[in-house]
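Please look over the sequence and the model shown here before reading the report on helix packing, strand pairing and backbone geometry.

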Amino acid sequence: MLRWIGWTLLLACSGSSTGQENAVFLTEFASSKTGHVLEDEDGDRPDWIEIFNASERAVSLEGCYLTDDPSELAKWQFPDVSLAAHEYLVVYASGKDRREKLHTNFKLDADGEYLALVARDGKKVIHALKPPFPEVRGGKTLGLLPREELSLETADLKALDTATPGKVNRGVILGAVAAPQFSAHRGYYEESFALTLRSSTPGAVIRVTRDGSSPSVETGTSFTRPISIEGTSIIRAAAFDPEGVLRPSEVITHSFIFPRDVIHQGPTPPEGWPPARDAPSRREQDYVYGMLSPEEIESTDEELLRAMQALPVISLVADLDDWFHEDTGIYHNAGKRGRAWERPVSVEWMDPRGREPGFHINAGVRIRGGGSRRGENPKHAFRLYFRRDYGPSKLRYRFFQDDGVDAYDDLCLRTAQNNAWSFKHNEHYTFLRDVFVRDCQRDLGQPYTRSHYCHLFLNGLYWGLYQTQEHSEASYAAAYFGGSPSDYDVVKAAGFSGGNRIEATDGDLEMWTQLWSLANAIASSGDASERQTLYQRIQGCRPDGADHPDYPRLLDVDNLIDYMILNFYVGNLDGPIPEWSRNRVTRNWFSIGDRRGLEGFRFFHHDSEKSMEGVEIDRTGPYVAGSELGFSNPQWIHQQLTAVDAYRDRFAKRAHGVLRNGGPLSVEASKARLAVRIEELAPAVVAESARWGRKGPPYKKSHWELAV
């Protein structure tokens, strides 16, 4: 028979001497990123871990631990559980923390998760699996593979073609062909060159496409001689084993962009793209191509070239049908939402200034936005999702240096929509308002979503100015506030498609409903003492302000105050209660609440593009939106809390502190903050003018300067 001998081990959890080695191993696991094959008692398909007793007698696991954190070995403790000789045990890594059905208090991440079985002293590691792990895609698991005459050195962690929870592991996936290596790196070019490709796998066949599609054995052409790159080109390549034993490599994409081509792009679309047209209705997609001439926008070739060099570049490349097919293309059907309208895409981040290293990753892409999804808008925004379905389960890149995290589950690519040359065709376009408001939230000392300005290319065509933006959802909360994504509720305004009501995109509305109900009780109470008691309860406190062990903290009061001061300060016309709705619905806000009750709901400014349009604008209310739970929002909560003397005093003191004497919202501080973004964006604006200024006078950089 085959005996399991693993990597570190040989300690019996029972602590008794048996006269023989009691070998207990972690032999297989599946995470949400690799594939779900087991259903738990709730009907869910959580992560799971398989444990095997390789000894000749029973071993008790009672008091031992499982952990996914080498700094916290005593993380989840086993109840009274024993394993017979050569018996397997499956434990759900669900985060549900149950003992009867064996659910750990953590989940797994196949992109690089430490996993260990620890003795009951909480210190001695019995068996550990340490990243990096082999690449695993959907429906597969990772496990130790038994071999005849096993020794400590011959038990290997492998990707398994077939999940075998509670059984001997079989069906090893052999490795993949080494990905093609390019002789030239993605980026900007001035002169033509010859491109060569190679794979370090002997005998591998490299297939290449130039139209954005993914190469396969059947599609593209075989690389046999150098490729002449004489202008802007998108080269996608993958390597294949002609014997079919090894998996194909991942698809590697390099965008070679020639700025002198870009600034003279003509109005005729490339082959395979939809024809140019003005959409007669919101149900038909508008397509606009080409660049205005330098003369039309009172510029020069040299100024346009400097504009193209002024910002980092993001290049999105996908099959043209995934963008533009009449029935299934996400750009052509921009109003469609959800996972069904996510498509594979190559993402490249390049910096022609040489300030950032850049990256390439295969991901999923969707259209994002509210009213901007209508067809007469030719310039849509995007959201990128990093999943094992496409490549790595996270984008690991430090976008914002020391100010931000270094791993992302998703990322937004936002552009100007309402005050925009490309869509609303008005002279308010600055592309500064939304970023300025979120920068203000940062300088108020509150959590906020970070941004970069960038140029965006779509399958090699210049698509204009965009900005990266963090997405304030559960994985963002876990990254910045601690814990796991399952610890957080994300409550937001759903936008037009959701009837401008609220929704929970992570977690549920239970704690939000508690907050809304208590806020309403405060406003309806005629007793000042009762109002104060309820106000403290919202904060998880006793009437005297001390923490109450039985009350969850439902609201971060200081965060709400800063959120509302800032909203009033900029005169936000489109959120959280939009002016155009006669103040009866809610839009454009996000909140994150800690389901553990440790921190209250915190609010995030989102899409503040309709702000700072006039000093006479007054958004202080009070408004009726929020009297129904479905339209509840942070401003309604604020309005209810103004019935409490302590809240009004707290608000007033904070307003005086931030608006005066060099505070973060003083005139001098705001001018300085805005100047930073103006300096960042100004050199690139002429490129947006050339690409999208055509539906105005045309719009020139001078129009932008006047609006600023």
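Predicted model: local features only at pLDDT ≥ 70, side-chain atom pairs only at ≥ 80, totals over all residues.

Residues are numbered from 1 along each chain as its sequence is written, and side-chain values use heavy atoms, with hydrogens and water left out.

**Helices**

Helices (H or I, at least four residues) and strands (E, at least two) are DSSP runs numbered from the N terminus. The axes of helix 6 (residues 510–524) and helix 7 (residues 528–538) come within 9 Å and cross at roughly 160 degrees, the axes being lines fitted to C-alpha atoms over the stretch in contact, with angles from 0 to 180 degrees between N-to-C directions. The two helices, helix 6 and helix 7, are therefore roughly antiparallel to each other, a term used for angles over 145 degrees. Contact (heavy atoms within 4.5 Å) is made by Leu515, Leu518, Ala519, Ala521 and Ile522 of helix 6 with Arg531, Leu534, Tyr535, Arg537 and Ile538 of helix 7. By class, this contact of helix 6 with helix 7 has 8 nonpolar, no polar and 2 charged residues, where Ala, Val, Leu, Ile, Met, Phe, Trp, Tyr, Cys and Pro count as nonpolar, Asp, Glu, Lys and Arg as charged, and the others, Gly among them, as polar.

Helix 9 (residues 634–641) is mostly covered, with 8 of its 8 residues buried, that is, under 20% relative accessible area with a 1.4 Å probe and protein chains only (exposed is over 50%, partly exposed in between). Its buried residues pack against several elements, among them helix 6, helix 7 and helix 10 (645–659).

**Sheet**

An open sheet of 5 strands runs in the order 13-20-19-16-17 with mixed pairing, where two strands pair if DSSP finds at least two bridges between them. Strand 16 (residues 205–209) and strand 19 (residues 233–240) pair in the antiparallel sense over 5 bridges, and Thr209 stands opposite Arg236 in strand 19.

**Loops**

Asp607, in the loop between strand 33 and helix 9, counts as buried at 19% relative accessibility.

| Bond | Omega |
|---|---|
| Gly575 to Pro576 | about 0 degrees |
| Gly621 to Pro622 | near 10 degrees |

Phe431, although not a glycine, has a positive phi of about 60 degrees, and Phe431 is buried at 7% relative accessibility.

Terms used: Parallel < 35°, antiparallel > 145°, perpendicular 65-115°, else oblique.
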